[in-house]
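Q: Please take a close look at the aromatic rings in this structure. Then show me what surrounds them.

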Amino acid sequence: MLLVLALLLAGGCVALITVISNEASKEVTVEYAVTGDARDVTIAYSFWNDDGISSRSETVEKLPWRKTLKTKGFVKGGSLLISLSGSGGTATCSVSVDNDSPKTATASGPSAAATCSGF
């Protein structure tokens, strides 16, 4: 009886290790987008990769803005933060992973901000 339990436990551990290994090596496509009529929008985005978290920031004069990244590693996700200038307007951020339903948020008005995260 103990031998059967030990074999079942060992088999379960092997299956779990295989699933984790496959997930860690799986490559995903992350698509960031910002649309709207706002000008001079500061865009900051981050994503996880094998080396940890990477962050980038840029200011765009005119929307739309798009960025597509491929990443892999056990931890996936990140964030997309948009900050509007003092001139206002409206901007919507959107993030999708492997064409899943996007996470979205909207900023409207002078110096407004929005964050898309949880992906």
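A: The structure holds 2 aromatic pairs. Rings of Phe, Tyr and Trp (its six-membered ring) count as a pair if their centres lie within 6.5 Å. Planes under 30 degrees apart are stacked, over 60 edge-to-face, and the rest tilted. The model is predicted: local features need pLDDT of at least 70, side-chain atom pairs count only at pLDDT 80 or more, and totals for chains, interfaces and linings use all residues. Residues are numbered from 1 along each chain as its sequence is written, and side-chain values use heavy atoms, with hydrogens and water left out.

Take Tyr-32 and Tyr-45. Their ring centres are 5.2 Å apart and their planes stand at 45 degrees, so the pair is tilted. Tyr-32 belongs to strand S1 and Tyr-45 to strand S2, so the pair ties together parts 13 residues apart in sequence. Strands (E, at least two residues) are DSSP runs, numbered from the N terminus. Both Tyr-32 and Tyr-45 are buried. Buried means under 20% relative accessible area, exposed over 50%, and partly exposed in between (1.4 Å probe, protein chains only).

Now move on to Tyr-45 and Trp-65. The centres of these rings lie 5.6 Å apart, with planes at 45 degrees, so this pair is tilted. It links distant parts of the chain: Tyr-45 in strand S2 and Trp-65 in strand S4, 20 residues apart. Trp-65 is buried, and so is Tyr-45.

Next, the core. The largest nonpolar core has 25 residues. Such a core is a set of buried Ala, Val, Leu, Ile, Met, Phe, Trp, Tyr and Cys residues joined through side-chain atoms within 4.5 Å. Those with the most contacts inside it include Tyr-32 and Trp-65 from the rings, along with Val-34, Ile-43, Leu-80 and Ile-82. Strands S1, S2 (39–49), S4, S5 (78–83), S6, S7 and S8 (113–117) each supply at least two residues of this core. In soluble globular proteins, nonpolar side chains tend to be buried together.

Some of these strands form a sheet. Four strands make an open sheet in the order S4-S1-S6-S7, with antiparallel pairing. Two strands pair if DSSP finds at least two bridges between them. The edge strands are S4 (65–72) and S7 (103–108), and each pairs on one side only. From one strand to the next, the twist averages 15 degrees. Inside the sheet, S1 (residues 27–36) and S6 (residues 90–97) pair in the antiparallel sense over 7 bridges. Val-30 stands opposite Val-97 in S6.

Stay with S6. Ser-96 is in this strand. Ser-96 is buried, with a relative accessible area of 10%. Contact means heavy atoms within 4.5 Å. Leaving aside neighbours within four places in sequence, Ser-96 is in contact with Thr-29, Val-30, Glu-31 and Pro-102.

The structure holds 1 disulfide. It joins Cys-93 to Cys-116, S to S 2.1 Å; a disulfide is a pair of cysteine sulfur atoms within 2.5 Å. Cys-93 lies in S6 and Cys-116 in S8, so the pair ties together parts 23 residues apart in sequence. With 100 degrees about the S-S bond, the link of Cys-93 and Cys-116 is right-handed. Cys-93 is buried at a relative accessible area of 0%. Cys-116 counts as buried too, at 1% relative accessibility.

Methods: Axes fitted to C-alpha atoms, helices over the stretch in contact; angles between N-to-C directions.
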